[in-house]
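The following exercises concern a single protein model. Each task is followed by a solution in steps.

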Amino acid sequence: MSAVADWFTEAAPAPAPARRPRTAAAKPKPRARVRRRQRRLTGGIAWIAAFAVLLAGVVAVNVAVLRANVAVNRLDQQQLQLQAQNAALASQVSSANASIRIEQAARHFGLVPAPATDTSYLDLNRK
């Protein structure tokens, strides 16, 4: 058994060197781990800010499109009103031209308008 005991004693690790006690000045500073968290947080804030700017841009474009649509609708309504006015004016012009044409046709047949001095009125309420 002595061979077995020798084998175990030879394999025993050497004692660890004695450590010096740490002083207040020798304390290690915080590691880069804190910096990594700050970088991650800063990167996240940057992404959130970028998305916020993009969303604000999309909202601004939508508002501009809505304003353009409102302006187009107003112009369409004005166009319809102007078309109705043009139709009414065309009708007035047509009726004015019609009376001139009737008068010209009557003169062609030898008819003349009555003089204003020969005009008389009838009272239809008399019994």
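A residue is buried under 20% relative accessible area, exposed over 50%, and partly exposed in between (1.4 Å probe, protein chains only). The model is predicted: local features need pLDDT of at least 70 and side-chain atom pairs pLDDT 80 or more, whereas totals for chains, interfaces and linings use all residues. Residues are numbered from 1 along each chain as its sequence is written, and side-chain values use heavy atoms, without hydrogens and water.

**Exercise 1.** Determine the secondary structure and the share of buried residues.

Solution. Helices (H or I, at least four residues) and strands (E, at least two) are DSSP runs, numbered from the N terminus. The protein has two helices and zero strands. Of its 127 residues, 0% are buried.

**Exercise 2.** Identify the salt bridge and classify glutamate 103.

Solution. A salt bridge requires a side-chain nitrogen of Lys or Arg within 4 Å of a carboxyl oxygen of Asp or Glu. One salt bridge meets this rule. It joins arginine 107 to glutamate 103, with the closest N and O atoms 2.9 Å apart. Because the two residues are four apart in helix α2, about one helical turn separates arginine 107 from glutamate 103. Glutamate 103 has 39% relative accessibility and therefore counts as partly exposed.

**Exercise 3.** Locate leucine 54 and state whether it is buried or exposed.

Solution. Leucine 54 lies in helix α2, which spans residues 32–108. Its relative accessibility is 55%, so leucine 54 counts as exposed.
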